Each structure stands twice: as C-alpha cells, then as structure tokens.
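Work through these exercises with the model open. Each task is followed by its solution.

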Amino acid sequence: SIEVMVFPKTMTEVGHKLDDDAVVVVKGRIDKREDAPKLVCMEVDVFDTGVDQALPLRVQVPTSGLAIDKVEELKSLLRDHPGDSEVYIHLGASQVLRLPDEFCVDARNGLVAELRVLLGPDSVLV
C-alpha cells in the first residue's frame, strides 16, 4: 500500500470519480522526499471490470448479541442502496441465508463502508 496525495487542482478535475470503496486506477509520480514514498496523483479513472453481472454481497453477522435495533438498521441500510447484487447473510461458520430480492443492493456507493461501521470491520466478506 502507498499513500496517495491529491492536490486541490487535480481534485477539482477528478474528485467526481471518487466514491467510498470504489476501485480506481491512479496515474501519477512517486515522491521520495520523505521516509515513506508517496504517489502524487495526476489522473484517476474508475476501474471497469468488464463484468455486467453484479456480484453478490456477503455479510458476516454475529450469531449472538445482535440487538433488534441493529437488525432494523441493517434492513434500512440495504433498502437505501437498491440494486442488482444479491445479499447473503453468513451466520456463524456454516449457515448462509440469501435475502429476498427486495434487499438486492448496489454495493458501490458507500454501502460496504456503512456496513463495516454498523457491524464491524470484518463484516463484509470478499
């Protein structure tokens, strides 16, 4: 991993392409003036996988200690991000539930980050 610096002028040109958890391709130059090298951003492009089919979203949910208000927040969060990706809930090590189609999501626009805040950093499985 490397720290990426984006100067204000570049940010005004490419900032609209940046979203939480978006995969991007960054073109720039390496700055080695400090101990840890940094990438100075010059261009940003959204990474296109070339796959039209939406990949499923897999969420690890704790089997104990999950309060009803957290379940309601999870349902609300999924409904706020409608899309084509099926959602699978992993309960423990062996139980997996596929949620109904009404909970299909678009996982690109910050949903993964919001799920990690709600359920913990290891809640979204890849």
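**Exercise 1.** Which residue in S3 does Met5 stand opposite?

Solution. This is a predicted model. Find Met5, then look across to S3: the residue opposite is Val40. Next, take the strands that hold this pairing. S1 and strand S3 (residues 38-46) are joined by three bridges. The two strands run parallel.

**Exercise 2.** Give the strand order of the open sheet and explain which strands stand at the edges.

Solution. Start with the order: the three strands are arranged S1-S3-S2, and the pairing is mixed. Now count partners.

**Exercise 3.** Describe how helix H2 and helix H3 pack.

Solution. Two values are needed, because a packed helix pair is described by the angle between the axes and the distance between them. For H2 (residues 68-79) and H3 (residues 111-119), the angle is about 175° and the axes are 11 Å apart. Angles over 145 degrees count as roughly antiparallel, so H2 is roughly antiparallel to H3. Then list the contact. H2 brings Lys70, Glu73, Leu74, Leu77 and Leu78. H3 brings Leu111, Glu114, Leu115, Leu118 and Leu119. Sort these residues: seven are nonpolar, three charged and none polar.

**Exercise 4.** Are Cys41 and Cys104 buried or exposed?

Solution. The cut-off for buried is under 20% relative accessible area. Cys41 is at 1%, so Cys41 counts as buried. Cys104 is at 12%, so Cys104 is buried too. Finally, check for disulfides: the structure holds zero.

Note on methods. Residues are numbered from 1 along each chain as its sequence is written. This is a predicted model: local features need pLDDT of at least 70, side-chain atom pairs count only at pLDDT 80 or more; totals for chains, interfaces and linings use all residues. Side-chain values use heavy atoms; hydrogens and water are left out. Two strands pair if DSSP finds at least two bridges between them. Helices (H or I, at least four residues) and strands (E, at least two) are DSSP runs, numbered from the N terminus. Axes are lines fitted to C-alpha atoms, for helices over the stretch in contact, and angles run from 0 to 180 degrees between N-to-C directions. Angles under 35 degrees count as roughly parallel, over 145 as roughly antiparallel, 65 to 115 as roughly perpendicular and the rest as oblique. Contact means heavy atoms within 4.5 Å. Ala, Val, Leu, Ile, Met, Phe, Trp, Tyr, Cys and Pro count as nonpolar, Asp, Glu, Lys and Arg as charged, and the others, Gly among them, as polar. A disulfide is a pair of cysteine sulfur atoms within 2.5 Å. Buried means under 20% relative accessible area, exposed over 50%, partly exposed in between (1.4 Å probe, protein chains only).
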